[in-house]
Amino acid sequence: MLDVRNCRKCGKIFNYIGGAPICPACREKEEEDFQRVKKYLYENPGASLTQVSTELEISVEMIKRFLREGRLEIANDEGNLVLECENCGRSIKTGRFCPDCERNLASGFKSAASQMKLDLDSRSTSERKSLGLRYLNKEYEKGK
Ligand SMILES: [Zn+2]
Ligand SMILES: [Zn+2]
(Lines give C-alpha, C1' and ligand atoms only; values in the text may rest on other atoms or scores of the structure.)
(Ligands and ions follow the chains in the order given, each with its own letter.)
Protein backbone atom coordinates (compact mmCIF):
# COMPACT_ATOMS: atom_id res chain seq x y z
CA MET A 1 0.00 0.00 0.00
CA LEU A 2 1.22 3.49 -0.79
CA ASP A 3 2.15 5.60 2.17
CA VAL A 4 2.48 9.18 1.01
CA ARG A 5 3.87 11.75 3.41
CA ASN A 6 5.20 15.25 3.56
CA CYS A 7 8.95 15.48 3.86
CA ARG A 8 9.84 16.75 7.29
CA LYS A 9 12.55 18.95 5.84
CA CYS A 10 11.29 20.43 2.57
CA GLY A 11 7.58 19.67 2.87
CA LYS A 12 7.46 17.90 -0.49
CA ILE A 13 5.11 14.93 -0.80
CA PHE A 14 6.90 11.66 -1.31
CA ASN A 15 6.40 7.93 -1.16
CA TYR A 16 7.26 6.91 2.37
CA ILE A 17 9.26 3.70 2.68
CA GLY A 18 10.20 3.75 6.37
CA GLY A 19 12.68 5.38 8.69
CA ALA A 20 12.70 9.14 9.09
CA PRO A 21 9.94 10.89 7.11
CA ILE A 22 12.34 12.54 4.71
CA CYS A 23 12.09 12.58 0.90
CA PRO A 24 14.81 10.83 -1.16
CA ALA A 25 16.36 14.16 -2.23
CA CYS A 26 16.68 15.39 1.35
CA ARG A 27 17.83 11.99 2.50
CA GLU A 28 20.60 12.12 -0.05
CA LYS A 29 21.53 15.60 1.07
CA GLU A 30 21.55 14.41 4.65
CA GLU A 31 23.79 11.50 3.77
CA GLU A 32 26.14 13.96 2.05
CA ASP A 33 26.16 16.11 5.18
CA PHE A 34 26.89 13.07 7.26
CA GLN A 35 29.83 12.12 5.07
CA ARG A 36 31.14 15.69 5.33
CA VAL A 37 30.87 15.62 9.12
CA LYS A 38 32.60 12.26 9.19
CA LYS A 39 35.41 13.50 6.97
CA TYR A 40 35.76 16.71 8.96
CA LEU A 41 35.98 14.82 12.24
CA TYR A 42 38.53 12.49 10.69
CA GLU A 43 40.68 15.45 9.73
CA ASN A 44 39.95 17.44 12.89
CA PRO A 45 39.67 14.92 15.67
CA GLY A 46 38.03 16.31 18.79
CA ALA A 47 36.40 19.23 16.97
CA SER A 48 33.52 20.68 18.95
CA LEU A 49 29.94 20.48 17.83
CA THR A 50 29.73 24.22 17.18
CA GLN A 51 32.99 24.11 15.26
CA VAL A 52 31.71 21.36 12.97
CA SER A 53 28.40 23.16 12.61
CA THR A 54 29.90 26.51 11.59
CA GLU A 55 32.70 25.07 9.46
CA LEU A 56 30.40 22.85 7.46
CA GLU A 57 27.27 24.99 7.73
CA ILE A 58 25.29 22.09 9.05
CA SER A 59 22.79 22.76 11.81
CA VAL A 60 23.62 21.64 15.33
CA GLU A 61 20.27 19.83 15.42
CA MET A 62 21.27 17.80 12.40
CA ILE A 63 24.57 16.78 13.95
CA LYS A 64 22.77 15.94 17.18
CA ARG A 65 20.44 13.75 15.22
CA PHE A 66 23.39 11.86 13.75
CA LEU A 67 24.55 11.37 17.33
CA ARG A 68 21.13 10.22 18.50
CA GLU A 69 20.94 7.77 15.64
CA GLY A 70 24.27 6.38 16.80
CA ARG A 71 25.97 7.25 13.52
CA LEU A 72 28.40 9.63 15.21
CA GLU A 73 30.09 9.49 18.52
CA ILE A 74 31.56 12.26 20.62
CA ALA A 75 35.27 11.54 20.90
CA ASN A 76 36.04 13.40 24.12
CA ASP A 77 33.54 13.77 26.89
CA GLU A 78 35.25 16.49 28.92
CA GLY A 79 32.94 19.46 28.96
CA ASN A 80 31.12 18.09 25.99
CA LEU A 81 27.56 18.35 27.25
CA VAL A 82 26.10 17.91 23.85
CA LEU A 83 23.96 14.89 24.31
CA GLU A 84 22.07 13.81 27.40
CA CYS A 85 20.49 10.51 28.25
CA GLU A 86 16.77 10.91 27.53
CA ASN A 87 16.00 9.12 30.76
CA CYS A 88 18.38 10.42 33.44
CA GLY A 89 20.02 13.40 31.71
CA ARG A 90 23.56 12.13 32.14
CA SER A 91 26.00 13.21 29.46
CA ILE A 92 26.41 10.56 26.80
CA LYS A 93 28.50 10.21 23.66
CA THR A 94 26.10 8.58 21.29
CA GLY A 95 22.61 7.17 21.00
CA ARG A 96 19.65 8.11 23.19
CA PHE A 97 20.37 6.60 26.60
CA CYS A 98 23.35 6.10 28.85
CA PRO A 99 24.56 2.49 29.16
CA ASP A 100 22.89 2.10 32.57
CA CYS A 101 19.49 3.29 31.39
CA GLU A 102 19.82 1.27 28.24
CA ARG A 103 20.30 -1.83 30.34
CA ASN A 104 17.46 -0.91 32.71
CA LEU A 105 15.14 -0.16 29.84
CA ALA A 106 15.96 -3.43 28.13
CA SER A 107 15.19 -5.43 31.28
CA GLY A 108 12.18 -3.20 31.96
CA PHE A 109 10.77 -4.05 28.56
CA LYS A 110 11.36 -7.71 29.21
CA SER A 111 9.60 -7.73 32.59
CA ALA A 112 6.75 -5.69 31.15
CA ALA A 113 6.40 -8.24 28.40
CA SER A 114 6.44 -11.20 30.79
CA GLN A 115 3.94 -9.38 33.02
CA MET A 116 1.68 -8.98 30.02
CA LYS A 117 2.02 -12.65 29.19
CA LEU A 118 1.16 -13.48 32.79
CA ASP A 119 -1.99 -11.38 32.57
CA LEU A 120 -2.96 -13.12 29.38
CA ASP A 121 -2.31 -16.52 30.90
CA SER A 122 -4.39 -15.85 34.00
CA ARG A 123 -7.17 -14.43 31.88
CA SER A 124 -7.35 -17.41 29.59
CA THR A 125 -7.37 -19.71 32.63
CA SER A 126 -10.33 -17.88 34.15
CA GLU A 127 -12.05 -17.92 30.76
CA ARG A 128 -11.52 -21.64 30.52
CA LYS A 129 -12.87 -21.99 34.01
CA SER A 130 -16.03 -20.04 33.29
CA LEU A 131 -16.56 -22.03 30.10
CA GLY A 132 -16.21 -25.24 32.03
CA LEU A 133 -18.69 -24.07 34.62
CA ARG A 134 -21.21 -23.22 31.99
CA TYR A 135 -20.75 -26.61 30.43
CA LEU A 136 -21.26 -28.35 33.74
CA ASN A 137 -24.37 -26.33 34.38
CA LYS A 138 -25.77 -27.47 31.08
CA GLU A 139 -25.04 -31.06 31.91
CA TYR A 140 -26.73 -30.58 35.22
CA GLU A 141 -29.80 -29.11 33.60
CA LYS A 142 -29.88 -31.87 31.02
CA GLY A 143 -29.68 -34.53 33.67
CA LYS A 144 -32.55 -32.99 35.55
ZN1 LIG B 1 12.57 16.77 1.30
ZN1 LIG C 1 20.55 7.46 31.77
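Modeller: Helices are DSSP runs of H or I with at least four residues, strands are runs of E with at least two, and both are numbered from the N terminus. By that rule, the protein chain has 4 helices and 4 strands. This is a predicted model, in which local features need pLDDT of at least 70, side-chain atom pairs count only at pLDDT 80 or more, and totals for chains, interfaces and linings use all residues. Residues are numbered from 1 along each chain as its sequence is written, while chains are lettered from A and ligands numbered from 1 in the order in which they are written.

Biologist: Which pattern does the protein chain follow along the sequence?

Modeller: The pattern is β-β-α-α-α-β-β-α.

Biologist: What is the mean pLDDT of the protein chain?

Modeller: pLDDT is the predictor's confidence in each residue, from 0 to 100. Here the mean is 78, and 69% of the residues reach 70 or more. Residues 126–138 stay under 50. For that stretch the model has 0 contacts beyond four places in sequence. A contact means that two C-beta atoms, placed from the backbone, lie within 7 Å.

Biologist: What share of contacts links residues 24 or more positions apart?

Modeller: Take the contacts with a separation of 6 or more in the protein chain; 17% of them join residues 24 or more positions apart.

Biologist: At what angle do α1 and α2 pack?

Modeller: Axes are lines fitted to C-alpha atoms, for helices over the stretch in contact, and angles run from 0 to 180 degrees between N-to-C directions. Helix α1 (residues 24–43) and helix α2 (residues 49–56) pack at about 120°, with axes 11 Å apart. Under 35 degrees is roughly parallel, over 145 roughly antiparallel, 65 to 115 roughly perpendicular, and the rest oblique. So α1 and α2 are oblique to each other.

Biologist: Which residues make that contact?

Modeller: Helix α1 supplies Arg36, Val37, Tyr40 and Leu41, and α2 supplies Val52, Glu55 and Leu56. They divide into 5 nonpolar, no polar and 2 charged. Ala, Val, Leu, Ile, Met, Phe, Trp, Tyr, Cys and Pro count as nonpolar; Asp, Glu, Lys and Arg as charged; the others, Gly among them, as polar.

Biologist: What is the phi of Glu57?

Modeller: Start with the general rule. Most residues other than glycine have a negative phi. Glu57 is not a glycine, yet its phi is positive, about 55°. Glu57 sits in the loop between α2 and α3 (60–68).

Biologist: Is Glu57 buried or exposed?

Modeller: Glu57 is exposed, with 9 other C-beta atoms within 10 Å.

Biologist: Where is Ile22, and what is it in contact with?

Modeller: Ile22 lies in the loop between β2 (13–15) and α1. With 19 other C-beta atoms within 10 Å, Ile22 is partly exposed. Ile22 and Cys7 are 15 residues apart in sequence, but 4.6 Å apart in space, C-alpha to C-alpha. Beyond neighbours within four places in sequence, Ile22 is in contact with Cys7, Arg8, Lys9, Arg27 and Glu30.

Biologist: Where is Glu30?

Modeller: Glu30 is in helix α1. Glu30 is partly exposed, with 17 other C-beta atoms within 10 Å. Glu30 and Met62 are 32 residues apart in sequence and 8.5 Å apart in space, C-alpha to C-alpha.

Definitions and conventions
Buried ≥ 20, exposed ≤ 12 C-beta atoms within 10 Å, placed from the backbone.
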